[in-house]
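Keep your viewer open and your selection tool ready. This tour goes from stop to stop and says what is there.

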Amino acid sequence: QQLAELCTSSRNLTLPTVLDKLDNAVEIAYAAFPDRIYVIDSNGVVRHKTMPGPRGWDVVEPKKALNRLLSKTASN
């Protein structure tokens, strides 16, 4: 936890950072290895998942998914 806090603070990251426990429950639930980009709504529902990365990352589609969520939030 201390290392994760150091990494986020030294890079001035302002987005929420998730730290998995040693049982890797989050990695197992989301199949996050190899790396993927996820768009998760405010209810915790995965709305978009990229192919495994880094070569499989397509930033255009996750950006569209995020913009759709943000526009729905703004209109409510």
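**Stop 1: helix α3**

Select Lys 64 and Glu 61: both sit in helix α3 (residues 60–75), three residues apart, about one turn of the helix. Helices here are DSSP runs of H or I, at least four residues, numbered from the N terminus. The model is predicted: local features need pLDDT of at least 70, side-chain atom pairs count only at pLDDT 80 or more, and totals for chains, interfaces and linings use all residues. Residues are numbered from 1 along each chain as its sequence is written, and side-chain values use heavy atoms, with hydrogens and water left out.

Lys 64 and Glu 61 form a salt bridge, with the closest N and O atoms 3.4 Å apart. The term means a side-chain nitrogen of Lys or Arg within 4 Å of a carboxyl oxygen of Asp or Glu. Lys 64 is partly exposed at 41% relative accessibility. Glu 61 is partly exposed too, at 31%. The cut-offs: buried is under 20% relative accessible area, exposed over 50%, partly exposed in between (1.4 Å probe, protein chains only).

**Stop 2: Arg 47 and Asp 41**

How many salt bridges does the rule give? The count is two. Select Arg 47 and Asp 41 for another salt bridge, its closest N and O atoms 2.8 Å apart. Asp 41 is buried, at 11% relative accessible area. Arg 47 is partly exposed, at 49%.

**Stop 3: Arg 11**

Go to the loop between α1 (2–10) and α2 (25–30), where Arg 11 lies. Arg 11 counts as exposed because its relative accessibility is 65%.

Terms used: Helix = DSSP H or I, 4+ residues; strand = E, 2+ residues; numbered from the N terminus.
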